[in-house]
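Could you walk me through the charged pairs in this structure, one selection at a time? I have it open in my viewer and would like to know what to click on and what I will find there.

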Number of protein chains: 2
Amino acid sequence: MKIEDLIAQIHQKKSFLCVGLDTDLDKIPKHLLKEDDPIFAFNKAIIDATHAYCVAYKPNIAFYEAYGLQGWRSLERTMEYLNANHPEIFTIADAKRGDIGNTSTRYAKAFFETMDFDSITIAPYMGKDSVEPFLEFEDRHTILLALTSNQGAFDFQTKKVDGQELYKEVLSVSKMYKGSERLMYVVGATKATYLEDIRKIVPENFLLVPGVGAQGGSLQEVCKYGITKDVGLLVNSSRGILYASNELDFAEIAAKKAKEIQQEMEIELAKLK
Amino acid sequence: MKIEDLIAQIHQKKSFLCVGLDTDLDKIPKHLLKEDDPIFAFNKAIIDATHAYCVAYKPNIAFYEAYGLQGWRSLERTMEYLNANHPEIFTIADAKRGDIGNTSTRYAKAFFETMDFDSITIAPYMGKDSVEPFLEFEDRHTILLALTSNQGAFDFQTKKVDGQELYKEVLSVSKMYKGSERLMYVVGATKATYLEDIRKIVPENFLLVPGVGAQGGSLQEVCKYGITKDVGLLVNSSRGILYASNELDFAEIAAKKAKEIQQEMEIELAKLK
């Protein structure tokens with residue numbers, strides 16, 4: 001997907017919501033467990049109910065991988081369904097991959113070609129030649145971990161290298177990679193004020209912001225410090241939407257929650273004009 | 001697997017060779033392509049031919065993931081074959097995963113339980129709560145990326161944080177994690193002299209050393225700086241063994257190459273006595 005098409009979709013839907021598909025057999029409504037493929041049945045119902053309020057879906061790959069072949073089958077079916085019925089929606093493989101060159105190319109092919117994702121999350125630790133193979137794919141996007149929302153972010157990400165925090169070094173260094181116009185960054189919303197500094201380094205790249213909702217970030221804070229003239233934000237919510245109800249009405253309640261966030265986003269987008 | 005059993009196997013086989021199963025349909029002998037499952041057929045032949053000379057196999061997960069469901073099926077069959085026929089051999093999922101707590105737990109279950117690997121490689125960028133979920137599994141081992149053998153290692157890993165290089169910080173900080181006795185580390189052999197410094201921080205942990213052979217490291221150098229009284233090394237070779245021939249004799253030639261490395265290792269192990 002071209003970035004312009006993502007931006008157009010944001011303005012059309014008045015939303016920059018990403019729904020995280022962290023689909024967990026222990027948490028989905030019990031009545032779905034008798035389906036042939038409960039994971040896909042749940043995802044399909046969530047997509048049908050929420051697609052008008054969001055611009056992106058982000059399957060968390062670990063949740064599928066944990067179920068072995070059956071999980072991968074459910075993921076493939078989810079992607080086939082999304083790409084057939086909602087090709088305008090941006091898809092993110094939340095995979096946090098990264099390896100040396102020819103191996104990174106394999107991961108890129110797995111997600112960009114075999115499964116036709118628009119983007120993938122990548123860990124930066126192995127540097128340039130682990131990231132650039134992903135950047136070679138036209139109209140595909142690589143979302144590099146910069147500042148994550150977990151406690152462990154303080155172990156290394158916020159420590160200073162060459163006088164600036166490691167996550168800022170990741171931003172600065174990766175800007176020089178070949179194909180860096182296809183980079184986005186993961187920035188945890190639990191540290192929204194950091195966004196001010198981040199925007200000094202990457203004024204235009206899209207930021208994927210997890211941690212609004214269940215993980216406790218504030219949408220207003222994120223927008224205050226992170227929004228750009230072309231929005232430049234995808235804000236994710238997973239559990240707060242998926243598991244708002246685990247009764248028969250789960251999809252309806254998920255839609256209600258997604259719409260609530262969309263309406264908050266509409267207010268923020270109106271401030272751009 | 002208990003670490004004592006790995007050490008015992010090393011002394012019994014006089015080898016600390018790990019064979020990397022980077023199985024690539026474009027590189028395996030053409031006659032295997034007519035098999036139902038060419039990837040498994042290749043792996044089985046390699047395992048049958050080399051298991052006497054190595055103590056570990058390391059499937060590179062990207063190579064399987066790139067082939068979608070079929071690739072995962074081949075990986076599962078490979079693991080079933082290994083665990084049924086060679087349960088004494090240490091298995092490494094070269095997956096380079098890592099995510100926030102509950103997601104890391106999913107990855108741990110995928111590889112330690114669903115696929116019954118003895119160990120997995122993990123990226124350290126997200127810190128403590130991304131690594132500790134893997135360390136909770138008894139007799140399973142987590143191999144943290146410290147210093148990788150690719151050019152991109154110089155982007156971040158060798159930069160100084162708090163006065164020491166990031167990869168040393170990763171070693172120092174991760175030693176404090178709960179369950180750190182189950183940690184091993186990836187250290188690229190192209191920088192064997194760094195092993196001297198690394199051993200000052202982690203004197204006993206096993207190190208997984210890629211990059212001997214095709215990537216150009218020297219076994220003697222690695223042993224000079226990295227070996228411990230309990231060996232503490234797994235040295236990997238992938239392409240140099242797998243693709244030494246792509247004719248009918250591929251398995252025989254792979255065995256010959258593996259045996260050559262084993263014999264070099266036997267000399268190094270003899271020096272320990």
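Start by selecting Arg77(A), which counts as partly exposed at 35% relative accessibility. Please keep in mind as you look around that this is a predicted model.

Arg77(A) and Asp37(A) form a salt bridge, and their closest N and O atoms are 3.2 Å apart. The two residues come from distant parts of the chain: Arg77(A) sits in helix H4 (residues 68-85) of chain A, while Asp37(A) belongs to the loop between strand S1 (17-21) and helix H2 (38-50), 40 residues apart. Is Asp37(A) buried or exposed? Asp37(A) is buried because its relative accessible area is 6%, under the 20% cut-off.

Next, go to a pair that involves both chains. Select Lys96(B) and Asp99(A), whose side chains meet in a salt bridge of 2.8 Å, N to O. Lys96(B) is buried at 7% relative accessible area, and Asp99(A) is buried at 2%.

For the next stop, move to chain B and pick Lys2(B) together with Asp139(B). Their side chains form a salt bridge with an N to O distance of 3.1 Å. This pair again links distant parts of the chain, with Lys2(B) in the segment before helix H1 (3-13) and Asp139(B) in the loop between helix H6 (128-135) and strand S5 (141-147), 137 residues apart. Lys2(B) is partly exposed, with a relative accessible area of 39%, and Asp139(B) is partly exposed at 26%.

Then select four residues together: Lys58(A), Asp94(A), Lys96(A) and Asp99(B) are joined into one network by salt bridges that share partners. To put these stops in context, a search of the whole structure finds 36 salt bridges over all chains.

Finish at Arg97(A), in strand S3 of chain A. How accessible is Arg97(A)? Arg97(A) is buried, with a relative accessible area of 0%. Show the side chain of Glu65(A) too, and you will find a polar contact of 2.8 Å between the side chains of Arg97(A) and Glu65(A). Beyond its neighbours within four places in sequence, Arg97(A) is in contact with residues including Trp72(A), Tyr107(A) and Phe111(A). Now bring chain B into view: Glu65(B), Arg97(B) and Tyr107(B) are also among the contacts of Arg97(A).

Key. Residues numbered from 1 in each chain as written. Chains lettered and ligands numbered in written order. Predicted model: local features only at pLDDT ≥ 70, side-chain atom pairs only at ≥ 80, totals over all residues. Heavy atoms only, no water. Helix = DSSP H or I, 4+ residues; strand = E, 2+ residues; numbered from the N terminus. Buried < 20%, exposed > 50% of the residue type's maximum accessible area, 1.4 Å probe, protein only. Polar contact = N/O pair within 3.5 Å; in protein donor to acceptor, adjacent residues only side chain to side chain. Contact = heavy atoms within 4.5 Å.
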